Amino acid sequence: MTRLDTDEDEIEASRAPLMDHLIELRGRLVICVIAFVISFFVCFYFAEPLYIFLVKPFAAAAAFHQSVGPHGHVSPLDLILGTAGLKPLPGVDGQMVNLIYTAPLEILFTKMKLAGFGALVLSFPVLAWQLYRFVAPGLYRNEKGAFLPFLFAAPVLFLMGTALVYFVMLPFVMWFSLSQQITGGGVSAALLPKVSDYLNLVTALLLAFGLCFQLPVVMTLLGLAGIISSKVMAEGRRYAIMAVVVVAVVVTPPDPISQIMLAVPLVLLYEISIWCVWLIERRRKREDDEEAGKDIVSV
């Protein structure tokens, strides 16, 4: 009996009537909803410290901006280390970062939006595991082994993207915004962001970078499915770079710093994707050769 026959028998043994699948789907959806609701209330309880945590890149940029003045310069490394808490922020007359809100319930809705975003991130392991458990019976044994690593790679890559936003992009974006303030000639235009607008900016950047950093996962899965090959990816590199630039322009704020900081990592991730797909093709060819050798010996 070949490996393919064994896999077919395993799939056949796991077949179930449609109603059983619907009942199982309902149960797993209930678990996902419960996990999300619990995570939502936990994040809502800690919404204030979570928001303060998200404001720290703005605070670091504001502290350095106040210390050097409107036309001064600061080392990018100092800005990154200050945001990470590895370098003390310069104190300037005890000034604090000021954000405003203009609607009575804006703070409440902002906390709820932050809780929803945090709940999605916090409950993701449960959601991903329930999804895997639902589709696993329909996968071959080798497909199960190939699918599991992506459950771990996806959140790791998402965290890498969000870390790049928090420690690198946000401080530079806020520094750039602060440097655009106007003072002089009897005119003062100071940056006073709304709490909701700042959260919208942060969550948009976190989601954009976190999802874009899934590129190696998506391309590798396409390679596993035989939809794309490393040769096609390599030959279409120039078009892929053009697409990356377009994506960076669309999903980031309209400033060149954000766009460059997203485009450069995505190009690197695309190159990593080509290498991953090539490794899959090499392993598949080796397995096919071994299978062909076994068939010849059995004959």
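Leaving aside neighbours within four places in sequence, which residues is Ser 273 in contact with? In this predicted model, local features need pLDDT of at least 70 and side-chain atom pairs count only at pLDDT 80 or more, while totals for chains, interfaces and linings use all residues. Residues are numbered from 1 along each chain as its sequence is written, and side-chain values use heavy atoms, with hydrogens and water left out.

Ser 273 lies in helix H12 (residues 256-298); helices here are DSSP runs of H or I with at least four residues, numbered from the N terminus. With those sequence neighbours set aside, its contacts (heavy atoms within 4.5 Å) are Leu 215, Pro 216, Met 219 and Met 233. The relative accessible area of Ser 273 is 0%, so this serine is buried (under 20%; exposed is over 50%, and partly exposed is in between, with a 1.4 Å probe and protein chains only).

Turning to helix packing, H3 (residues 47-68) and H8 (residues 195-212) meet at an angle of about 80 degrees, and their axes are 11 Å apart. Axes are lines fitted to C-alpha atoms over the stretch in contact, and angles run from 0 to 180 degrees between N-to-C directions. H3 and H8 are therefore roughly perpendicular to each other (65 to 115 degrees). H3 contributes Tyr 51, Leu 54, Val 55, Pro 57 and Phe 58 to the contact, and H8 contributes Val 195, Tyr 198, Leu 199 and Val 202.

Helix H8 also holds Asp 197, which is partly exposed at a relative accessible area of 42%. The C-alpha atoms of Asp 197 and Leu 99 are separated by 9.8 Å, with the two residues 98 apart along the chain.

Definitions and conventions
Helix = DSSP H or I, 4+ residues; strand = E, 2+ residues; numbered from the N terminus. Parallel < 35°, antiparallel > 145°, perpendicular 65-115°, else oblique.
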